[in-house]
Structure formats: structure tokens, C-alpha cells
Amino acid sequence: MSLKDFFIALSENQTLNSAAQKYGYQLGAQTVVAGTNIDEVVESIKALNAQGIACTVDNLGEFVFEKSAALAAKEQILTVIERIHSENLDAHISLKPSQLGLDIDYDFCYENLKDIVALANEYQIFVNFDMENYARLHPSFELLEALHAEYGNVGTVIQAYFFESDDNVERFKDYRLRLVKGAYKEDPSVAFQDKVDIDRKFIDQIEYHLLHGKFTSIATHDHNIINHVKQFVKEHDIPNEKFEFQMLYGFRTDMQVSLAKEGYNFCTYVPFGQDWYGYFMRRLAERPQNINLVTKQVFNK
Ligand code: FAD
């Protein structure tokens with residue numbers, strides 16, 4: 001088992017997830033999670049906004065198998081939207097359909113999403129559907145299309161590692177899209193496994209959406225890709241209003257600030273909440289060196 005597989009397996013472990021909620025933040029998650037409640041995350045957003053950085057706010061949540069948990073998540077997200085509006089924050093919402101009940105009942109999930117998108121629409125706040133594993137991809141796209149037809153303020157993520165991702169970039173070219181490499185462990189029958197293939201697809205899709213699509217969020221910590229994009233937009237006269245860079249809270253913070261200072265739109269993905277364990281383990285799976293973040297926290301107390 002590779003280290004990546006090991007951390008992915010941990011991220012999917014429900015017992016450890018519950019234990020982590022009980023024992024709080026001790027594993028060092030506070031470096032990459034912007035607070036455990038709404039007041040804390042609002043402070044983190046204000047600090048980023050003060051540096052010219054926008055935010056996309058994710059109320060962390062996994063393993064939602066009960067309607068009550070999905071409804072609680074919905075209420076939490078509605079409160080975040082109210083706070084973004086009332087405090088005039090430069091921020092929008094990221095959410096995962098599974099957290100709003102996708103694994104329980106499609107129509108129930110649709111109603112929950114609709115309440116969120118409708119309120120955000122009233123305040124002209126954008127809502128992004130994060131993309132999860134392959135089994136949830138097509139149901140999530142269907143929900144997205146239904147809500148996009150009714151409200152314009154929704155978009156999604158295309159994960160470059162899927163074989164079908166070129167088609168999906170084309171299918172959603174009129175949407176605001178976040179383009180990523182892809183974070184989950186996927187079967188070789190549906191997704192590229194090699195970094196070279198994934199990077200190539202990722203670059204192709206970024207270029208395509210920058211040239212033909214609506215607004216593009218380029219979500220990566222990969223400086224080679226970022227430098228490539230900078231060069232590409234210059235050569236093709238693509239204005240800064242057409243795209244932004246995104247990174248996760250707590251990663252390459254100096255680069256986040258310097259990209260914003262250079263005049264690029266920059267948006268930090270700001271996760272918060274009690275349910276941080278799975279998120280944290282996936283970050284370790286992507287880059288085991290991130291474990292440095294953990295050890296620093298544990299030993300520098
Ligand atoms: P990698 O391929 O991990 O790294 C490439 C190179 O960049 C590394 O070799 C190293 O040289 C450098 N590098 C990377 N990280 C660091 C670091 N911390 N410090 C120093 N150097 C570094 N995935 C999904 O499946 N669904 C989603 O909805 C989703 N949303 C995302 C939102 C945002 C804002 C971001 C940033 C990512 C999201 N992801 C999502 C995760 C994404 O799919 C990748 O798994 C993740 O970003 C890792 O790939 P990477 O492009 O950052 O670079």
C-alpha cells in the first residue's frame with residue numbers, strides 16, 4: 001500500500017473521523033482548517049480579504065447518512081451565506097452534494113441545494129459544487145444542471161484525471177469552472193493514474209476554458225502550472241477578470257499573497273468546522289510532505 005493509499009484509507013474511516021471530532025484539533029489540523037465555528041472562520045476570511053484575497057468557504061462534512069445531518073449542514077451553510085452578506089465579505093460558498101444528502105435521496109438533496117442556491121442568489125453570492133468521487137460525479141452534474149437552469153449562480157469542479165473530463169469541460173463551458181487535477185483514489189478504468197498524463201490534461205483543459213469558457217478558477221499549488229498559465233494568458237491577451245488562481249488555506253501562503261500582490265485574482269479555499277478529519281487526511285494523501293505541517297504543530301506546542 002502506498003502512502004497515498006494509506007492516507008486515503010484513513011480519510012474514509014468513519015470511526016477515526018468521529019474520534020477526531022471528539023479530540024479536536026490536536027493533530028495539527030488548525031494549520032489547514034480556518035476555524036471550528038462560523039465566528040472563527042469569519043475572522044480568517046476578514047484577514048485574507050485584508051490582503052486582497054477572496055475566499056471560497058467550505059463547511060466541512062463527510063459521512064452524511066442521516067437526513068438530520070444533511071439538514072444541519074444546510075442550516076450551517078445558510079448561516080454562512082447570511083454572514084457573508086451582512087458583513088460584506090469577499091467570499092462565496094463551496095459545498096459537497098453528499099453533505100446535503102446525495103447518498104440518502106436525490107430529491108431530498110436537490111431541495112436542500114435549492115434552498116442554499118436560492119438564498120445565495122438573492123445576495124448575488126456564487127455557489128460552487130465541489131466534486132467528489134466518480135460514483136457521485138454524474139448525479140452531482142445533474143443536480144448542477146437543474147439548478148443552473150433555475151439560478152445562474154452555480155458552478156462546479158472538473159477533475160482532470162477522469163478520462164471523460166475533456167467532454168465535461170466542453171459540456172460546462174458556459175459555467176464558471178474550477179479546474180483541478182483530482183484528489184480521490186479512482187479506478188484505472190475511469191481515470192488516469194500517472195502524474196504526467198494528469199498534468200497534461202490539466203493544462204489542456206485550463207487553456208481550453210480560458211479561451212472558450214466562462215470564468216476559470218485554476219486551483220493548484222503547482223508552481224510549474226501557475227507559471228505556464230501566467231505565460232499563456234499574456235500570450236493570448238486574456239484579461240485578469242477572466243480567471244483566478246485558487247489554493248487551499250494554509251498551503252504556500254507566501255505564494256498566495258504574492259500572486260494577489262502581482263495583480264492576479266486570488267481566492268483561498270477556506271474549510272471550517274468540526275468535521276475536519278477526512279479533509280485533512282486527503283491533503284496528506286496528496287502530498288505526504290504535508291505531514292511536516294502536522295509534526296510542526298505537534299512538537300512546537
Ligand atoms: P501537486 O500535483 O500535488 O503538486 C505538484 C508540485 O507542486 C509538487 O511536486 C511540488 O513541487 C509543488 N507543491 C505542491 N504542493 C506544495 C506545497 N504545499 N508546498 C510546496 N510545494 C508544493 N480535488 C477534487 O477532487 N475535487 C475538488 O472539488 C477539489 N477542489 C479543490 C479546490 C482547491 C482550491 C484546490 C487547490 C484543490 C482542490 N482539489 C479538489 C484538489 C486537487 O484535485 C489536487 O488533488 C490538489 O490540489 C493537489 O494537486 P496540485 O495541483 O495542487 O499539485
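Which elements do the buried residues of α6 pack against?

## Helix α6

This is a predicted model. The buried residues of α6 pack against α5 (106-122), β3 (127-129) and β4 (154-159). Those buried residues are Leu 137, Ser 140, Leu 143, Leu 144 and Leu 147.

The length of α6 can be checked. Helix α6 covers residues 134-150, 17 residues in total. At 1.5 Å a residue it should span 24 Å. Its end C-alpha atoms lie 25 Å apart, so the two values agree.

## Ligand shell

The shell around the ligand holds 21 residues. Asp 130, Val 180, Ala 183, Thr 220 and His 221 come nearest. By class, the shell divides into 10 nonpolar, 5 polar and 6 charged residues.

Strands β4 and β7 each supply at least two residues of this shell. The largest share, 3 residues, comes from β7.

Most residues other than glycine have a negative phi. Two residues here have a positive one.

Asp 237 has a phi near 50 degrees. Asp 237 sits in the loop between α9 (223-235) and β7 (243-248). It counts as exposed because it has 6 C-beta neighbours inside 10 Å, and the cut-off for exposed is 12 or fewer.

Arg 252 has a phi near 45 degrees. Its place is the loop between β7 and α10 (253-261). Arg 252 has 16 C-beta neighbours inside 10 Å, so it counts as partly exposed.

Key
Residues are numbered from 1 along each chain as its sequence is written. This is a predicted model: local features need pLDDT of at least 70, side-chain atom pairs count only at pLDDT 80 or more; totals for chains, interfaces and linings use all residues. Helices (H or I, at least four residues) and strands (E, at least two) are DSSP runs, numbered from the N terminus. A residue is buried if 20 or more other C-beta atoms lie within 10 Å of its own, exposed if 12 or fewer, and partly exposed in between; C-beta atoms are placed from the backbone. The expected span of a helix is 1.5 Å times one less than its number of residues. Two residues are in contact if their C-beta atoms, placed from the backbone, lie within 7 Å. A residue is near a molecule or strand if its C-beta atom, placed from the backbone, lies within 6 Å of it. Ala, Val, Leu, Ile, Met, Phe, Trp, Tyr, Cys and Pro count as nonpolar, Asp, Glu, Lys and Arg as charged, and the others, Gly among them, as polar.
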